[in-house]
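Colleague: Could you walk me through this model, please? I am new to it.

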Amino acid sequence: MAPVMEMVVYLDLVVLLNGLLDYLLLSVCGRVTASPRNTVRLLLAAALGGIYAGASLFPEFSFLGGLFWQLVFGVLLCLLAFGPGRCLVRQCVVLFLLAAAFSGLVLVLTELFSAPGAMVGGRV
């Protein structure tokens, strides 16, 4: 019988790293869409994104990983970062495309440079 491997996930690192990536993605999104970027608003939106990522790890909040809630929080991040406006749809689409591109890049790099079995359940 093979030994059972346990995965340890540090909540503080999940929140911090996701918040940092959210800040970078929102900043690039603002640049691409020529939206005014306010550092405080970007930081608040990034903090919300980090907290959302951390909360979705808990079994009670596993529903947050569903597509509906990902879309809801993506729109909330754009609203918080850039404010309401007629460019909201464009900002959301660009944010989702940037996130998908970054996710694909991470997936390719993981496949190329990690040991076999580094992916768990289809996720990095």
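This is a predicted model: local features need pLDDT of at least 70, side-chain atom pairs count only at pLDDT 80 or more; totals for chains, interfaces and linings use all residues.

Colleague: Which pattern does the protein chain follow along the sequence?

Modeller: The protein chain has 4 helices and 0 strands, taken as DSSP runs (helices H or I, at least four residues; strands E, at least two) numbered from the N terminus. Read along the sequence, the pattern is α-α-α-α.

Colleague: How are α1 and α2 oriented to each other?

Modeller: The axes of α1 (residues 11-32) and α2 (residues 39-55) come within 7 Å and cross at roughly 140 degrees. Angles under 35 degrees count as roughly parallel, over 145 as roughly antiparallel, 65 to 115 as roughly perpendicular and the rest as oblique. The two helices, α1 and α2, are therefore oblique.

Colleague: How many nonpolar residues does the contact of α1 with α2 have?

Modeller: Contact means heavy atoms within 4.5 Å. Residues including Leu11, Val14 and Tyr23 in α1 meet residues including Leu42, Ala46 and Ile51 in α2. Ala, Val, Leu, Ile, Met, Phe, Trp, Tyr, Cys and Pro count as nonpolar, Asp, Glu, Lys and Arg as charged, and the others, Gly among them, as polar. By class, the contact has 7 polar, 1 charged and 11 nonpolar residues.

Colleague: What share of the protein chain counts as buried?

Modeller: Buried means under 20% relative accessible area, with a 1.4 Å probe and protein chains only. Of the 124 residues, the buried share is 26%.

Notes:
Residues are numbered from 1 along each chain as its sequence is written. Side-chain values use heavy atoms; hydrogens and water are left out. Axes are lines fitted to C-alpha atoms, for helices over the stretch in contact, and angles run from 0 to 180 degrees between N-to-C directions. Buried means under 20% relative accessible area, exposed over 50%, partly exposed in between (1.4 Å probe, protein chains only).
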